[in-house]
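Please read them with the structure open.

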Amino acid sequence: MNLPKWFRTLNPVDGCPGNCPYCYARSMNKRFHFVENWNIPKFFPERLEQFDINKPTFFFIDSMSDFATWNEEWQRKTIEKIEKNKQHIYMSLTKFPELYCNDSMPSNYYYGVTVTNNKELARIDIMKNNVKGCKYHVCFEPLTEKLENLDLSGISWIEIGEETGFRKARVECKPEWIYSIVEEAKKYSIPILMKDSIKQYLHNDIFECSLPVKLEEGKFVSV
């Protein structure tokens with residue numbers, strides 16, 4: 001997947017209590033030992049200093065954790081740093097939108113939920129009810145079944161992907177699952193970031209790898 005150079009991953013926190021069976025971050029921690037106990041997240045406040053750069057950057061801030069499960073102080077310090085660096089765009093994902101409520105999130109923040117099956121569709125409305133002021137996105141990865149009654153109104157960006165790796169219980173994606181999400185997204189002209197893992201199921205003219213913003217004359221603008 002070819003993302004622009006101005007897209008970066010920066011993790012102020014490593015570790016997550018979620019225990020998702022498909023978690024790639026836990027597998028990485030087993031290999032590289034970022035934290036001693038993956039189920040007990042650890043905050044690295046010094047990493048926040050990396051936001052203090054002038055060059056506009058799109059930061060994914062919780063690829064190795066789940067923002068909603070962070071300690072409240074960690075969340076507060078991170079949001080404060082984000083507020084001081086409005087030249088950037090920020091994004092996070094959660095599987096537990098019920099754990100975090102904030103009516104004054106930064107407008108340059110994409111707060112998102114992960115939805116992998118129909119039981120998790122409720123996360124979209126919970127996110128929109130609990131968090132205000134920011135933009136919303138949904139990550140359908142790993143997609144494990146066809147989603148029924150999907151409503152993407154009010155969503156600014158989506159991602160679609162299949163589980164990677166060779167886990168015994170891994171669910172192989174089906175083209176019709178992907179196309180039904182794409183059809184709903186197109187109704188609202190939502191940009192779609194499709195992961196390389198699903199390219200094999202799609203016609204080349206359908207495959208899309210889009211971010212919700214682009215960099216023009218040193219500033220981010222919506223696509």
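**Notes on the predicted model**

1. Start with Ser65. Its relative accessibility is 12%, so Ser65 counts as buried; the cut-off for that label is under 20%. This is a predicted model, so read every value below as computed from predicted coordinates. Ser65 sits in the loop that runs between β4 (58-60) and α2. Its side chain makes a polar contact of 3.1 Å with the side chain of Trp70. Beyond neighbours within four places in sequence, Ser65 is in contact with Val13, Gly15, Cys16 and Trp70.

2. Next, the start of α2. Here a side-chain oxygen of Asn71 comes to within 2.7 Å of the backbone nitrogen of Glu73.

3. The length of α2 checks out. The helix covers residues 72-84, which is 13 residues. Which residues of α2 are buried? They are Trp74, Gln75, Thr78, Ile79, Lys81 and Ile82. Viewed down the helix axis, these buried residues fall within an arc of 160 degrees, so they line one face of α2. The face turned away from the buried side carries Glu72 and Lys84, both exposed.

4. What do the buried residues of α2 pack against? Their partners are β2 (13-14), β3 (42-43), β5 (89-94) and β6 (109-114).

5. Now the sheet. Seven strands form an open sheet in the order β1-β4-β5-β6-β7-β8-β9, and the pairing is parallel. The edges are β1 (7-9) and β9 (192-194); each has a single partner strand, so one side of each lacks a neighbour in the sheet. From one strand to the next, the twist averages 20 degrees.

6. Six of its six residues are buried, so β5 is largely enclosed by the rest of the structure. Both faces are covered. Ile89, Met91 and Leu93 are buried on one side, and Tyr90, Ser92 and Thr94 are buried on the other. β5 pairs with β4 in the parallel sense, over three bridges. Within that pairing, Phe59 stands opposite Tyr90.

7. Thr57 belongs to the loop between β3 and β4. Is Thr57 buried or exposed? At 6% relative accessibility, Thr57 counts as buried. Arg8 is 49 residues away along the chain, yet the C-alpha atoms of Thr57 and Arg8 are separated by 7.0 Å. Arg8 is also one of the contacts of Thr57, once neighbours within four places in sequence are left aside.

8. On to β6 and β7. β7 spans residues 135-140 and pairs with β6 in the parallel sense over five bridges. Tyr136 in β7 is the bridge partner of Tyr111. Helix α3 (residues 122-130) lies across both strands and runs at about 150 degrees to β6. Its buried residues are Arg123, Ile124, Met127, Lys128 and Asn130. The elements that cover them include β6 and β7.

9. Lys195 is worth checking by eye. It lies in the loop between β9 and β10 (213-216). Its relative accessibility is 15%, so Lys195 counts as buried. A polar contact of 2.5 Å joins its side chain to that of Glu141. Not counting residues up to four places away in sequence, Lys195 touches Met1, Glu141, Glu159, Ile160, Gly161 and Phe207. Ile181 is 14 residues from Lys195 in sequence, and their C-alpha atoms are 14 Å apart in space.

10. Last, the hairpin. β10 and β11 form it, with two residues between them. Which residue in the turn has a positive phi? Glu217 does, at about 50 degrees. β11 covers residues 219-222 and pairs with β10 in the antiparallel sense over four bridges. In that pairing, Val213 has Ser222 of β11 as its bridge partner. As background, strands of a sheet pair through backbone hydrogen bonds, either parallel or antiparallel.

Conventions
Residues are numbered from 1 along each chain as its sequence is written. This is a predicted model: local features need pLDDT of at least 70, side-chain atom pairs count only at pLDDT 80 or more; totals for chains, interfaces and linings use all residues. Side-chain values use heavy atoms; hydrogens and water are left out. The expected span of a helix is 1.5 Å times one less than its number of residues. Buried means under 20% relative accessible area, exposed over 50%, partly exposed in between (1.4 Å probe, protein chains only). The arc is that of the directions from the helix axis to the C-beta atoms. Contact means heavy atoms within 4.5 Å. A polar contact is a pair of N or O atoms within 3.5 Å; within protein, one must be able to donate a hydrogen and the other to accept it, and residues adjacent in sequence count only if both atoms are side-chain atoms. Two strands pair if DSSP finds at least two bridges between them. Axes are lines fitted to C-alpha atoms, for helices over the stretch in contact, and angles run from 0 to 180 degrees between N-to-C directions.
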